[in-house]
Amino acid sequence: MSIGDAHDRVFKALASSVRRQILDDLRDQPLTTGTLCAHFPELDRCTVMQHLKVLEDADLVIPVRRGRERWNHLNAVPIQQIHERWIGPHAEAAARMLTRLKEEVDA
């Protein structure tokens, strides 16, 4: 899979508010699928599992089976890669422009 395909999968995964909430829920600790399903009472288990599959395909969630339980772990590396490629450079360019503007106003 190319880096472009990987980024496309991450952006697709992040496009859903449910999937973003799942990632937020996993930020501090891994959770079982059952616990995640309980966080979304308006969704059935199958729908939550479909969202988890999209997150897995984007390598944002790593499932680990322990007995009958499936623990879902956040993998923040793809988000960091998106930040390094897209957000950081654009934020840096915007900050440079604001600095130049401030310098011109001060002069």
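This is a predicted model: local features need pLDDT of at least 70, side-chain atom pairs count only at pLDDT 80 or more; totals for chains, interfaces and linings use all residues.
Local features here need pLDDT of at least 70 and side-chain atom pairs count only at pLDDT 80 or more, while totals for chains, interfaces and linings use all residues. Residues are numbered from 1 along each chain as its sequence is written, and side-chain values use heavy atoms, with hydrogens and water left out.

Student: How many salt bridges does the count come to?
Tutor: A salt bridge is taken as a side-chain nitrogen of Lys or Arg within 4 Å of a carboxyl oxygen of Asp or Glu. One of them joins arginine 27 to aspartate 24, at 2.6 Å from N to O. By this rule the count comes to four.

Student: Which helix holds both lysine 53 and aspartate 57?
Tutor: The side chains of lysine 53 and aspartate 57 form a salt bridge at 2.9 Å, N to O. Helices (H or I, at least four residues) and strands (E, at least two) are DSSP runs, numbered from the N terminus. The two residues stand four apart, about one turn of the helix, and both belong to helix H4 (residues 45–57).

Student: Is arginine 70 buried or exposed?
Tutor: Arginine 70 meets glutamate 56 in a salt bridge of 2.3 Å, N to O. Since arginine 70 lies in strand E3 (residues 69–74) and glutamate 56 in helix H4, the pair ties together parts 14 residues apart in sequence. Buried means under 20% relative accessible area, exposed over 50% and partly exposed in between (1.4 Å probe, protein chains only). Glutamate 56, at 23%, counts as partly exposed, whereas arginine 70, with a relative accessible area of 14%, is buried.
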